[in-house]
Amino acid sequence: MPHIDNDMKLNFKDVLSRPNCSTLKSRSEVNLTRSFSFRNAKQMYTGILIIAANMDTVGTFEMAKFSLFTAVHKHYSLHQWQEFAGQNPDYLEYLAASSGTGSSDFEQLEQILEAIPQVKYICLDVANGYSEHFVEFVKNVRKRFPQHTIMAGNVVTREMVEELILSGANIIKVGIGPGSVCTTWKKTGVGYPHLSAMMECADAAHGLKGHIISDGGCSCPGDVAKAFGGGADLVMLGGMLAGHSESGGELIEREGKKYKLFYGMSSEMAMKKYAGGEAEYRTSEGKTVEVPFKGDVEHTIRDILGGIRSTCTSVGAAKLKKLSQRTTFIRVTQQVNPIFSDAR
């Protein structure tokens with residue numbers, strides 16, 4: 001018989017962070033940089049904890065030049081990697097090479113990491129992080145690259161977080177369905193409200209000295225702050241970083257306005273671009289949208305970081321590390337006043 005879990009599960013839209021007493025005088029006092037030492041890979045990372053998603057319209061080499069950690073999409077060739085590495089060696093420590101679980105994916109991953117040893121991060125990304133094949137693939141990648149830091153996902157339950165960490169992953173990508181161009185909830189009815197999934201998975205990962213990435217569901221700086229407040233170690237962004245000069249995607253001009261294409265990597269457009277079309281046994285689980293052109297990504301990044309600093313100031317967290325300790329979520333029925341919702 002089917003089982004129903006009656007415990008309340010929440011998304012970012014369902015909560016606000018309650019303000020706390022604070023000794024901070026200014027947002028400028030907040031330190032958003034963190035340092036991590038990763039299980040399995042004896043490696044230290046220090047920097048801003050926002051990751052550009054491994055989508056070809058977001059995870060570009062151009063995006064990496066803004067001190068964002070970037071999960072570079074898997075469709076760059078080895079030659080393009082070598083060309084970027086030769087011209088931009090200082091950015092390589094903030095890049096992850098992405099891979100699926102196919103044999104050709106693994107071969108290209110090997111070629112990239114052998115040719116560019118400065119790249120120490122691997123992002124293993126599949127549609128279904130619950131398959132036994134994926135677990136075995138993580139084990140094989142760990143065996144082949146024992147010193148690298150492996151991100152793996154996506155999953156939404158504590159049991160799978162634990163299994164992937166014990167199989168060799170360092171950082172687990174959490175999120176099924178909440179992305180702005182993801183239609184998995186609609187097409188499959190499978191997923192998990194993202195804030196609750198992230199909090200449960202963070203608890204499981206931290207118990208094993210692992211880490212998690214909150215992947216999906218952020219539509220504004222406040223959501224990013226909630227993700228960190230809920231226990232995420234890193235936050236991966238797609239839609240919020242789409243539509244910029246540094247983003248991939250075709251630039252379209254219509255009636256005097258500019259747009260950029262943004263699409264999910266399981267969308268019909270992505271499948272046509274990289275697989276020759278949609279296979280008869282599957283359906284598209286992603287949308288294609290036209291995002292108003294936003295100019296340089298630097299302005300958006302500054303807005304996101306400014307919002308997080310304001311959150312930290314409001315709850316009394318002088319360091320981002322302290323934000324989850326100072327966060328109490330309260331359930332709400334409304335986050336914003338919609339009267340002037342279209343105004344800037």
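This is a predicted model: local features need pLDDT of at least 70, side-chain atom pairs count only at pLDDT 80 or more; totals for chains, interfaces and linings use all residues.
1. The axes of H3 and helix H4 (residues 158-166) come within 9 Å and cross at roughly 30°. That crossing angle is under 35 degrees, so H3 counts as roughly parallel to H4. On the H3 side, the residues in this contact are Phe134, Val135 and Val138, and they meet Met160, Glu163 and Leu164 of H4. Sorted by class, the H3 contact with H4 comes out as 5 nonpolar, no polar and 1 charged residues.

2. Helix H2 spans residues 103-115 and helix H3 spans residues 132-144; their axes come within 12 Å, crossing at roughly 25°. H2 and H3 are therefore roughly parallel to each other as well, and H2 passes H3 in a right-handed crossing. Phe106, Glu110 and Glu114 are what H2 brings to the contact, while H3 brings Phe137, Val141 and Arg144. By class, that gives 3 nonpolar, no polar and 3 charged residues for H2 with H3.

3. Next, H7 and H9. Helix H7 (residues 221-229) and helix H9 (residues 297-315) have axes that come within 8 Å and cross at roughly 55°. H7 and H9 are therefore oblique to each other, and the crossing of H7 past H9 is right-handed. From H7, the contact takes in Pro221, Val224, Ala225 and Phe228; from H9, it takes in Asp303, Ile304, Gly307, Ile308 and Thr311. The class tally for H7 with H9 is 6 nonpolar, 2 polar and 1 charged residues.

4. The largest cavity has a volume of about 40 Å³. Its lining consists of Leu32, Ile48, Leu49, Ile50, Phe228, Leu305, Ile308 and Leu320. Class by class, the lining of the largest cavity has 8 nonpolar, no polar and no charged residues.

5. Which two residues does the cis peptide bond join? They are glycine 153 and asparagine 154, with omega at about 20°. Asparagine 154 is found in strand E8, which runs over residues 149-155. I'd check the backbone there by eye.

6. Last, a backbone angle. Lysine 209 is not a glycine, yet has a positive phi of about 65°. Where does lysine 209 lie? Look in the loop between helix H6 (194-207) and strand E10 (211-215).

Terms used. Residues are numbered from 1 along each chain as its sequence is written. Side-chain values use heavy atoms; hydrogens and water are left out. Axes are lines fitted to C-alpha atoms, for helices over the stretch in contact, and angles run from 0 to 180 degrees between N-to-C directions. Helices (H or I, at least four residues) and strands (E, at least two) are DSSP runs, numbered from the N terminus. Angles under 35 degrees count as roughly parallel, over 145 as roughly antiparallel, 65 to 115 as roughly perpendicular and the rest as oblique. A crossing is left-handed if the near helix is turned anticlockwise from the far one by less than a right angle, and right-handed if clockwise. Contact means heavy atoms within 4.5 Å. Ala, Val, Leu, Ile, Met, Phe, Trp, Tyr, Cys and Pro count as nonpolar, Asp, Glu, Lys and Arg as charged, and the others, Gly among them, as polar. On a 1 Å grid over the protein atoms alone, a cavity is a set of points where a 1.4 Å probe fits but cannot get out, and a pocket is an open set with protein on both sides within 12 Å along at least five of seven lines; lining residues have an atom within 4 Å of a point. Grid points are joined across faces, edges and corners, and a volume is the space filled by probe spheres set on the points.
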